[in-house]
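Subject: Structure for your attention

Dear colleague,

Please find the structure below, followed by an account of what was found in it.

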Amino acid sequence: MLAFANLGTQTSDLLPAGKTQLRESVQDGARALETFLAEVERKAFRIAQIALRHESDALDVVQDAMMQLAHRYASRPAEEWRPLFYRILENRIRDMQRRRIVRQRVMSFMPWRADEEEEGPDPIDQAADSGPTPAAQIESDQMMRSLEQALQQLPARQREAFLLRNIEGMDVAETAAAMKCSQGSVKTHYFRALQALRAKLGDFAT
Amino acid sequence: MNNPTDDQAFERRARQLLLDSAEALPAVTRSRLTRARYAALSSRPSWSRRLSRHWMPAGAGALAAAVVAVMFVVMPHGENPAVNPLVGATPEDFEMLADSEAVQLGPDDEVDYDFYEWAASEATGASAPSIGS
């Protein structure tokens, strides 16, 4: 009896402390997640844009990946977020590419619909940015376009390995976790990507 | 076979270009990404929902323990309505219940009080005054 009575007192003492602690830990987690997303969003967008060659689609898949991570995996340790996020992103990119193929097949039977789907460029997107545009910038832009085109011609897994390692700066182990494959496969994909890019771009580096 | 030094230079250049392009995104795209981030963060389960999910099993467990304790510790066995009254009954008790000539324990209007008065007087040897005498 006495033990049971004490149990009630102990529980009431513990509940508020646990509640506060949990609330604080959840708020810390939200801040950490926001920092993480802010850090990866632009790189993720560029990876999606290079793979999909479409800005709106790239934005959509990045947003989807962010939402998926926030909704389902926010409670996981922060060290796991990066590989999880890029794995989700790559899955979304593949889903989008599949949807496009299906849409193209359907649209090929409805040629009159193709004109309706064509949208003019967004005037806001076309507005000049406030960045500097010296000759060096133009040259850099041209090199970027060449690299982007060469990357788009690579097999998906090679492109994925190259971009994760070079944009995101992941090591082989992290890239393997994000691509859900062995480290040996990452090395192979990366080596082949590098060889193919060098073969296409020649003395790009000099 | 490419020269490893050339490979490293190529990687450095490619990395720099890719990072520059990510940093130099148009303002509109950056704004959309920021909105996407906030939308993602708002879709995150709130702390109160997570709190309730966290404490719900503990609360249910505590409630169950309290109910069990009340049933088996606080309430005396004699007051427990779930106790079977026939447990511990002797064979004589069953005989008395089954005897059709046993004392009737019915409502008051069915009890023959004159009989009990006469029986009591017979047992003490004193003759009861007859009614009307």
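B:Asp7 lies in helix α1 of chain B, residues 4-23 (helices, of at least four residues in H or I, and strands, of at least two in E, are DSSP runs numbered from the N terminus). B:Asp7 is buried, at a relative accessible area of 10% (buried is under 20%, exposed over 50%, partly exposed in between, with a 1.4 Å probe and protein chains only). Its side chain and that of A:Arg198 are joined by a polar contact of 2.8 Å (a pair of N or O atoms within 3.5 Å, where within protein one must be able to donate a hydrogen and the other to accept it, and residues adjacent in sequence count only if both atoms are side-chain atoms).

This is a predicted model, in which local features need pLDDT of at least 70 and side-chain atom pairs pLDDT 80 or more, while totals for chains, interfaces and linings use all residues. Residues are numbered from 1 along each chain as written, chains are lettered from A and ligands numbered from 1 in the order written, and side-chain values use heavy atoms, without hydrogens and water.

Chain A has nine helices and zero strands. Of its 206 residues, 37% count as buried. Among the contacts in chain A (heavy atoms within 4.5 Å) with a separation of 6 or more, 65% are between residues 24 or more positions apart.

In chain B, B:Tyr116 belongs to helix α5, residues 113-124, and is partly exposed, with a relative accessible area of 37%.
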